[in-house]
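Q: I'd like to learn how to read a structure like this one. Can we go through it feature by feature?

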Amino acid sequence: MAEMSLAQLKIGQKAIITSLAGLPPQSRQKLLDMGLTRGEEIIMIHKAPLGDPIWLAVKGYELSFRRE
């Protein structure tokens, strides 16, 4: 399976989180606290027309966040 970023996921596509590398420590910790941990499956639910914000399904709930 090829690695890709969240920006590359299409609506309805599933992926497994392999890394949160390259993020500032504060942003990385916030994503970990929301359940975006290595090995977790995510599903791209929706992307706004310009790609920001995005909605993901993870661990039975939905998250919405901006690129920043």
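Q: Which elements each supply at least two residues of the lining of the largest pocket?
A: This is a predicted model, so keep that in mind as we go. The general idea is that rolling a probe the size of a water molecule over the atoms shows where empty space is left. In this case, strand 1 (14-16), helix 1 (25-33), strand 2 (41-47) and strand 3 (54-58) each give at least two residues to the lining of the largest pocket. Helix 1 provides the largest share, four residues.

Q: What volume does the largest pocket have?
A: About 960 Å³. There are 35 residues lining the largest pocket, and the closest to its centre are Ser-5, Leu-6, Leu-20, Leu-31 and Phe-65.

Q: How do the residues of that lining divide into nonpolar, polar and charged?
A: You'll find 20 nonpolar residues in the lining of the largest pocket, plus seven polar and eight charged.

Q: Let's zoom in on Tyr-61. Is Tyr-61 buried, exposed or partly exposed, and what is its relative accessible area?
A: The idea is to compare the value with two cut-offs: buried means under 20%, and exposed means over 50%. Tyr-61 has a relative accessible area of 33%, so it counts as partly exposed. You'll find Tyr-61 in strand 4.

Q: Which residues is Tyr-61 in contact with, leaving aside its neighbours within four places in sequence?
A: Met-34, Gly-35 and Leu-56. Gly-35 is 26 residues from Tyr-61 along the chain, and their C-alpha atoms are separated by 9.8 Å.

Q: Last one: what pLDDT does the protein chain average?
A: The average is 86, and 97% of the residues score at least 70. Among the elements, strand 1 has the highest mean pLDDT, 93, while strand 4 (residues 61-65) has the lowest, 86.

Notes:
Residues are numbered from 1 along each chain as its sequence is written. This is a predicted model: local features need pLDDT of at least 70, side-chain atom pairs count only at pLDDT 80 or more; totals for chains, interfaces and linings use all residues. Side-chain values use heavy atoms; hydrogens and water are left out. On a 1 Å grid over the protein atoms alone, a cavity is a set of points where a 1.4 Å probe fits but cannot get out, and a pocket is an open set with protein on both sides within 12 Å along at least five of seven lines; lining residues have an atom within 4 Å of a point. Grid points are joined across faces, edges and corners, and a volume is the space filled by probe spheres set on the points. Ala, Val, Leu, Ile, Met, Phe, Trp, Tyr, Cys and Pro count as nonpolar, Asp, Glu, Lys and Arg as charged, and the others, Gly among them, as polar. pLDDT is the predictor's confidence in each residue, from 0 to 100. Buried means under 20% relative accessible area, exposed over 50%, partly exposed in between (1.4 Å probe, protein chains only). Contact means heavy atoms within 4.5 Å.
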